[in-house]
Amino acid sequence: MKKKSYILIYAAAAFIIFLSIGTLLIPDVVFSPDENRYLTEKPDFTVKRVLDGTFERKYEEYLSDQIIGRNRWVEAKSLTEAALGINDINGVYLCTGGRAVERITENDFDWSNYEKNLQRIEDFTEICTEQEINVHIMPVPTGAYVYREFLPDNAIMFDEGKAFSQAADAFGSNMIDIRNSLMAGKHGGDVFFKTDHHWTGRGARLAAAEFIGTAVNKAAAEKVRSCDTEIISSEFKGTLYSKVLLKTLGTDIIETSAYARKADMKVEIEGEEYDSLYFDENLNKKDKYAVYFGGNYGLVKIRATAGEKERKESEKLLIVKDSFANSMVPFLLNDFPEITMVDTRFYRGDISRIAEEYDRVLFVYSVNNLSEEKIVLTGSLS
Amino acid sequence: MVFSSSVFLMTFIPVTLLAYFIVPERFVKVRNVVLLTASLIFYGWGEPKYILIMLFSIVFNYVCGLIIGKEININNKHRAKPMLIFCVLGNLAILGFFKYTDFVLETVNQLTAAGLTLPGIALPIGISFYTFQTMSYVIDVYRNKVKAQKNIIIFGTYVTLFPQLIAGPIVRYSDVEAMLIDRKTRPEQVEDGIRRFIIGFGKKVLLANQIYPVWMELSSMENISAASAWLGAAAFTFQIYFDFSGYSDMAIGLGKIFGFDYLENFNYPYISRSITEFWRRWHMSLSSWFKEYVYIPLGGNKKGLPRQLANILIVWILTGLWHGASWNFVAWGIYYGIILIAEKLCILKVLKKCPPGVGHVYSIVIIVIGWVIFAVDDLSEAIRYIGMMFGSSGNLTDTAFSYFLESRIWLIIACAIGSTPLVRKVCGIISKRLRERYILLGVVETVFLMAIFVFSMAFLVSGSYNPFLYFRF
């Protein structure tokens with residue numbers, strides 16, 4: 001008879017018991033900040049729910065959501081993959097220099113929707129031009145495009161150059177192409193966060209300067225480019241970190257306009273009035289990018305009130321946007337004390353109506369959102 | 001329920017094992033009740049209504065088995081035969097109704113423009129497997145190979161036994177009859193079972209699930225180079241093997257923990273030197289089922305060559321259809337039928353004269369192309385993909401190929417090694433060397449296997465980790 005130790009039986013049993021009893025004992029977590037979602041809690045057991053299968057589904061979700069050491073497991077997986085040379089994890093490319101960028105391939109990029117959105121904006125531009133309203137369109141490149149030499153070798157991405165030339169064809173001189181400015185600017189500091197898909201304060205400032213250069217003049221643009229900034233957080237871990245939970249990515253700095261930090265202003269968000277565009281309580285939370293306006297809302301009106309009386313009549317600016325504009329607006333306030341932001345993902349009214357009251361309209365959209373969202377500008381959705 | 005789920009590993013298995021082993025060994029009947037109850041819960045988890053179909057299937061085959069057995073006992077074969085036919089047709093009717101109704105109606109619609117509405121019948125999980133099990137039982141009773149089972153609990157336990165219930169192997173009643181009636185718990189068998197389960201779990205989670213995205217991404221691209229097309233097809237080839245054989249390993253392992261020894265279902269199919277050999281190594285319980293219950297009853301090779309070739313083709317059309325109600329599976333079956341006929345007629349003779357390498361290359365090329373037909377459910381798309389494998393895009397290689405080859409190199413190497421008996425051989429040598437120092441051997445093995453277990457768990461849990469895509473906002 002072969003002698004055996006049966007250690008494996010004990011080890012496997014201990015592991016299973018650790019998982020099942022451990023998960024049972026630890027208190028349920030309600031909210032996962034890294035995933036920005038509520039986790040499933042213990043489902044109610046009723047015969048009806050068992051028979052229609054909801055209990056079983058919820059119970060499986062509950063176990064996976066509440067399993068003991070959940071984030072450790074995810075981290076272990078990411079570490080293993082990274083160690084094996086797999087650089088695309090959960091839709092994120094791990095780049096050199098501890099940088100993560102969103103992975104968007106041809107399969108992900110919806111060209112036909114992108115072209116439809118370009119058409120919608122073009123139609124909108126025509127209406128505005130008839131009413132002598134200036135329109136500018138600023139497509140925001142992806143971090144992967146700006147930092148493409150940091151991507152893993154042979155990384156597959158959608159053809160972003162083509163997306164930009166399509167936009168240039170559609171909008172002509174109305175387009176503000178910020179690619180060169182960002183790519184040149186990245187050598188003096190991060191223009192995109194290492195752990196988030198958004199641009200940094202520096203990236204937003206360079207983009208703002210490009211716009212001011214077109215809409216106001218070169219001198220004003222230069223002032224924006226060299227304006228004073230203030231660091232409001234140096235421990236930001238963004239959405240891309242959340243997708244991989246890799247500590248090697250480090251932390252990011254959130255930097256914004258020193259002027260906007262101090263200036264007196266009135267900010268009206270969905271009818272509520274505030275005296276700052278910064279919601280500093282978010283700096284203590286996971287999603288620190290929400291320090292700007294507390295997140296995204298359909299309609300936001302900003303008015304810098306300092307020196308309002310002495311100021312000569314200035315242009316009113318309407319920004320039609322996604323979240324990228326949130327961190328850019330602080331750098332525009334000096335030249336445009338009155339700005340209204342409309343987020344097409346939340347606003348359900350006719351934006352061409354609003355535009356009638358403004359001198360200038362600026363579109364700020366990441367190229368990626370132009371392929372994903374349906375940007376409705378005229379008429380209401382509902 | 002599936003094995004690679006949290007509820008299975010963290011609730012079902014601990015509770016079932018506890019309930020099972022709390023019952024003393026001598027009360028096998030009570031243990032069977034525990035297994036039957038657990039298996040029904042396992043089966044009905046998420047879709048409790050299917051338990052009714054299962055219960056019907058058990059009672060139907062149990063009664064048919066009793067009647068057929070009674071007639072056979074008094075040597076009344078001609079009276080047993082109509083009952084057998086009735087029973088087999090009944091089983092096929094259940095399977096046909098749930099699996100093929102939509103397919104048949106859709107085909108009729110395409111041919112005649114009749115515009116019939118599809119009822120959209122959902123396929124109860126595992127029905128293809130357990131229907132084949134129950135049919136083998138009644139046929140074996142009719143053939144007097146086994147005695148009809150009088151105890152419905154034992155019979156029900158056989159049909160529903162959760163380890164092999166939803167993805168095989170197709171266990172024949174004759175193979176487990178003795179264990180159903182009496183079985184002992186032997187620690188070395190339990191340990192063996194855990195080992196098999198962990199290996200299967202690792203194959204499924206660490207290899208199959210990880211290589212799958214390579215196929216998914218490459219096959220959904222518009223136009224890919226020949227190298228990419230082969231890489232994608234190879235990824236699917238690995239995925240289906242590690243997924244399916246991993247599941248069989250888990251089933252065999254779980255069976256052992258409860259005291260059942262199942263027959264092997266896979267025997268390193270990708271090292272075959274011919275397609276004939278491949279089908280002796282791939283999903284063996286299915287091939288042998290078709291051989292035993294279709295091919296031989298049709299006359300096998302006993303009625304002349306033309307009849308034999310026809311039999312092969314019939315078996316392979318049915319094998320294809322068994323895999324799914326779709327024309328690409330039929331095409332896949334015919335593809336293998338034709339190749340097997342060609343091998344029988346001449347290829348095998350040619351291969352015998354060639355060095356073994358030729359047979360390996362020939363087989364793997366046929367197998368990989370076969371999986372493309374299997375994986376792409378639109379036949380013209382499959383042909384387009386195979387075209388790309390042979391350079392229809394005009395490019396030999398592209399960046400997608402370089403990227404996936406480079407970033408997945410260790411995964412690909414692991415898959416390639418895992419498809420051969422190499423690891424088993426190395427483990428065999430190590431355990432021989434350490435035979436005297438069995439505690440050290442136990443520790444080494446446990447560390448290795450538990451590492452696989454823990455990493456698999458990490459990959460499984462991460463599958464549920466879904467950051468809400470709020471960053472679009």
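Leaving aside neighbours within four places in sequence, which residues is B:Ser5 in contact with?

## Surroundings of B:Ser5

B:Ser5 is in contact with A:Glu60 and B:Leu460, its neighbours within four places in sequence being left aside; contact means heavy atoms within 4.5 Å. The residue sits in the segment before helix H1 (6-22) of chain B. With a relative accessibility of 8%, B:Ser5 counts as buried (under 20% relative accessible area, 1.4 Å probe, protein chains only). A polar atom of the B:Ser5 side chain lies 2.8 Å from the backbone oxygen of B:Val2.

## Basis of the model

This is a predicted model, in which local features need pLDDT of at least 70 and side-chain atom pairs count only at pLDDT 80 or more, while totals for chains, interfaces and linings use all residues. Residues are numbered from 1 along each chain as its sequence is written, chains are lettered from A and ligands numbered from 1 in the order in which they are written, and side-chain values use heavy atoms, with hydrogens and water left out.

## H9 and H18 of chain B

The axes (lines fitted to C-alpha atoms over the stretch in contact, with angles from 0 to 180 degrees between N-to-C directions) of helix H9 (residues 187-219) and helix H18 (residues 409-418) of chain B come within 10 Å and cross at roughly 125 degrees.

On the H9(B) side the contact is made by B:Leu206, B:Leu207, B:Gln210 and B:Ile211, and on the H18(B) side by B:Leu411, B:Ile412, B:Ala414 and B:Cys415.

Notes:
Helices (H or I, at least four residues) and strands (E, at least two) are DSSP runs, numbered from the N terminus. Buried means under 20% relative accessible area, exposed over 50%, partly exposed in between (1.4 Å probe, protein chains only). A polar contact is a pair of N or O atoms within 3.5 Å; within protein, one must be able to donate a hydrogen and the other to accept it, and residues adjacent in sequence count only if both atoms are side-chain atoms.
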